[in-house]
Amino acid sequence: MIMKMQYHGITTNNVRNVDIEVELGQVVFFSGPSGSGKSSIVIDTIHKISEDEFFQLCNVREDISTYTIIDYDNILPSVCLQQENYNRNPRSTIATYFNLDIHFKELFSVVNSVSKILFQFNTRNTWCEACCGTGVNLSPDLLAIVDFDCKIIDVPFRTWHISQSEYYKQSLLLFCTEQGINPAQKFQALSSKQQDIILNSESAAKYKINFRCNGRKHTKTAPYRGPVLELQQQFDKDKLPKHRLKYFGHSVCCHCKGSRFSSDVLQHRLYGKNIGELYLMEIDVLLDWIRKNEKSWKNKPEEARPFKKIIRFFESLVRLNLNYLHLNRSIPSLSGGELQRLRLAKAVTSHFTNFLYVLDEPTSGLHPSEWNTIENVISELKCRNNTVLLIEHNGFLRKVSDRIICIGPGGGTKGGLIVPDNKQEIPCTMVETQFFLARSVAKIRNATYNNIVNGSFDIPTNTII
């Protein structure tokens with residue numbers, strides 16, 4: 001007898017009394033227009049029912065689900081891998097989120113004969129004091145502060161209060177005269193040295209300036225302070241209002257070099273590397289390093305066990321084209337597609353069978369050359385007796401599916417029904433495009449962040465790129 005998951009009378013959101021039966025071990029492709037009810041059926045109902053039943057079994061109290069259904073039977077434990085990234089904790093990294101830090105703590109503890117606690121990630125005793133374990137420092141963001149296309153005489157700095165614009169303009173012009181800078185030039189036309197002088201300097205002289213503010217006359221005698229210098233001074237004195245943090249960006253911590261750990265922790269080595277160096281290696285480079293040292297650890301059970309678990313997970317990351325990531329990469333900085341593929345890698349390396357996997361647009365954001373990888377992963381999940389429900393707009397994954405359920409016919413009130421599958425491709429109308437040269441650019445020089453190393457490029461302003 002073929003076992004089937006059965007759901008009768010689904011009316012969640014805009015779904016109109018739909019019955020769904022899914023044969024266990026199948027891959028089912030749910031298609032249909034946006035807003036047709038695919039997610040309402042698959043995520044908000046089928047997955048949530050499995051989640052609620054499991055939590056009730058474990059006596060875990062969760063929020064009340066909003067699905068509406070008459071009856072259901074033969075359900076499976078469910079895992080939902082969605083595109084959304086709700087994690088906003090900068091201390092949450094790939095290492096901690098996927099419990100890889102447990103294996104590295106064990107390795108460093110064994111090799112150095114010290115407590116695992118010493119390598120705990122987010123504690124005051126082990127983190128870098130300069131960045132409090134975040135691996136980054138806040139620094140002024142020139143693209144947020146400066147309108148590069150604006151002339152000096154028109155005051156190109158967004159940080160200066162509009163109410164005192166008359167004062168700032170006079171101060172800036174006096175300073176430019178003192179420095180021999182032509183205020184009729186656009187900011188981007190200045191030399192790097194001139195830009196730095198205007199942004200980061202304080203004048204030796206004090207200027208007496210008469211100006212109007214909110215309709216009233218004022219007189220102020222003070223030196224000129226560049227907008228970046230002014231922001232940095234406020235930040236250093238802890239007098240920067242929160243709403244002005246928008247003018248700051250992240251830069252790699254100059255003390256721990258992004259490793260997040262204290263210098264005491266970084267003194268301990270594993271085959272010549274400290275834990276910070278390993279966490280900052282790209283996955284494929286770190287995998288090669290582990291394999292090169294295999295002769296040293298393969299006959300030591302206490303080291304071989306964690307290394308083999310790490311290798312298995314890393315191999316799945318490489319398969320999913322995530323080899324460019326590193327373990328210190330914060331979860332909030334990942335795209336939804338990257339996080340979903342990381343979760344897929346975790347699913348493939350788990351030892352579970354007879355699970356229900358719900359995948360929400362797994363090919364979204366991927367280059368077509370990467371679609372085959374997702375297809376192979378789905379096939380592997382199926383081969384291990386798991387059931388897979390796909391919510392997809394991309395017809396590429398139809399061929400790996402055992403069944404296609406089309407929801408529609410439209411979105412919103414026009415959706416919510418099971419309709420005949422329309423496999424016909426929508427023709428793409430080519431529109432004539434005209435490219436033009438941008439009038440100005442924002443210049444980025446020697447930028448280093450994540451997998452970008454010393455990147456220099458020009459970004460055209462006031463354009464769609």
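Strands and helices are DSSP runs numbered from the N terminus, a strand (E) having at least two residues and a helix (H or I) at least four, and two strands are said to pair if DSSP finds at least two bridges between them. This is a predicted model, in which local features need pLDDT of at least 70 and side-chain atom pairs count only at pLDDT 80 or more, while totals for chains, interfaces and linings use all residues. Residues are numbered from 1 along each chain as its sequence is written, and side-chain values use heavy atoms, with hydrogens and water left out.

Both strands belong to an open sheet of six strands with mixed pairing, in the order β5-β10-β11-β3-β12-β13. Its edge strands, β5 (78–81) and β13 (417–419), each pair on one side only. On average, neighbouring strands of this sheet are turned by 25 degrees against each other, direction ignored. Helix α13 packs on the sheet, where it touches β5 and β10, and its direction makes about 160 degrees with that of β10; axes here are lines fitted to C-alpha atoms, for helices over the stretch in contact, and angles run from 0 to 180 degrees between N-to-C directions.

## Helices α13 and α14

Helix α13 (residues 336–349) also packs with helix α14 (residues 371–383), at an angle of about 35 degrees and with the axes 10 Å apart. The crossing of α13 past α14 is left-handed, a term used if the near helix is turned anticlockwise from the far one by less than a right angle. In this packing R341, L344, A347 and V348 of α13 meet I374, V377, E380 and L381 of α14, contact meaning heavy atoms within 4.5 Å. The residues of the contact divide into six nonpolar, no polar and two charged.

## The three-stranded sheet

Another open sheet has three strands in the order β2-β1-β4, with antiparallel pairing. Its edge strands are β2 (18–23) and β4 (71–73), each of which pairs on one side only, and the twist averages 5 degrees from one strand to the next. Strand β1 (residues 4–10) runs antiparallel to β2 and is joined to it by five bridges, with V18 in β2 as the bridge partner of I10. Helix α1 (residues 38–57) packs on this sheet, touching β1, β2 and β4, and its direction makes about 115 degrees with that of β1.

## Buried residues

F121 lies in the loop between α3 and β6 (136–140), and F121 counts as buried because its relative accessibility is 3%; buried means under 20% relative accessible area, with a 1.4 Å probe and protein chains only. Leaving aside neighbours within four places in sequence, F121 is in contact with R91, T93, T96, T126, W127, R260, F261, Y279 and N328. The C-alpha atoms of F121 and V136, which are 15 residues apart along the chain, are separated by 15 Å.

E106, placed in helix α3 (residues 100–112), is likewise counted as buried, at 15% relative accessibility. Not counting residues up to four places away in sequence, E106 touches K116, E302, R305 and P306. In helix α7 (residues 227–236), P227, V228, L229, E230 and L231 are buried, and α7 is followed by D238, whose phi is positive, near 60 degrees.

Technical notes. Buried means under 20% relative accessible area, exposed over 50%, partly exposed in between (1.4 Å probe, protein chains only). Ala, Val, Leu, Ile, Met, Phe, Trp, Tyr, Cys and Pro count as nonpolar, Asp, Glu, Lys and Arg as charged, and the others, Gly among them, as polar.
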